[in-house]
Amino acid sequence: MIFLFDCVRDGESFIALNEKNEEVGYLLFQKNFSSIGIVNSVTVYQGSVKEHISNSEDILGFLLTTIFNIYGPIVYNTYNVSEKGNSLLMKMLKSFGFQDLYTEEGIKLEQVFMKKQL
């Protein structure tokens, strides 16, 4: 598992442990606050389960449910979660009701990478 914890300012993670106290999965997220300091949204950046785990959907589902139970009915969104690199996370997010966003022209919003050679 690759953690990008240092890349998310004020990021937090939930880590799932098995009965041997070994890390088997994680969810990286960031809380966003209102002007009076109340959590008003949570952004999910990453989530993964080790490859050899047979109940990976259950583990990732548990981690997502934990966030929803702690912070309740607020806005939840994702940032930079690609279908290619995180197919299980995308599947789980969609099972919890997350939806793809589209422009007014019907184009699916996705991460854009641009580069300029100087």
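## Salt bridges

The chain holds 3 salt bridges. The model is predicted.

Glu12 pairs with Lys31, their closest N and O atoms 3.0 Å apart. Glu12 belongs to strand S1 and Lys31 to strand S2, so this pair ties together parts 19 residues apart in sequence. Both ends are partly exposed: Glu12 has a relative accessible area of 26%, and Lys31 one of 22%.

Glu57 forms a salt bridge with Lys91, with the closest N and O atoms at 2.5 Å. Here helix H1 supplies Glu57 and helix H2 supplies Lys91, so the link joins parts 34 residues apart in sequence. Glu57 is partly exposed at 35% relative accessibility. Lys91 is also partly exposed, at 45%.

Lys94 forms a salt bridge with Asp100; the closest N and O atoms are 3.4 Å apart. Lys94 is partly exposed at 36% relative accessibility. Asp100 is partly exposed at 27%.

## Helix H1

H1 covers residues 56-71, and its 16 residues should span 22 Å at 1.5 Å a residue. The end C-alpha atoms lie 23 Å apart, which agrees. Gly72 follows H1 and has a positive phi, near 70°.

Buried positions in H1 include Ile59, Leu60, Leu63, Leu64 and Ile67. Ser56, Gly61 and Tyr71 are buried too. The buried residues of H1 pack against strands S1, S2, S3 and S4 and against helix H2.

## Whole chain

The chain has 2 helices and 4 strands. Their order from the N terminus is β-β-β-α-β-α.

Of 118 residues, 31% count as buried. The accessible surface is about 8600 Å², with 53% belonging to carbon and sulfur atoms. Among contacts between residues at least 6 apart in sequence, 47% join residues at least 24 apart.

Methods
Residues are numbered from 1 along each chain as its sequence is written. This is a predicted model: local features need pLDDT of at least 70, side-chain atom pairs count only at pLDDT 80 or more; totals for chains, interfaces and linings use all residues. Side-chain values use heavy atoms; hydrogens and water are left out. Buried means under 20% relative accessible area, exposed over 50%, partly exposed in between (1.4 Å probe, protein chains only). Contact means heavy atoms within 4.5 Å. Accessible areas come from the Shrake-Rupley method with a 1.4 Å probe; for residues, only the protein chains shown count as cover. The expected span of a helix is 1.5 Å times one less than its number of residues. A salt bridge is a side-chain nitrogen of Lys or Arg within 4 Å of a carboxyl oxygen of Asp or Glu.
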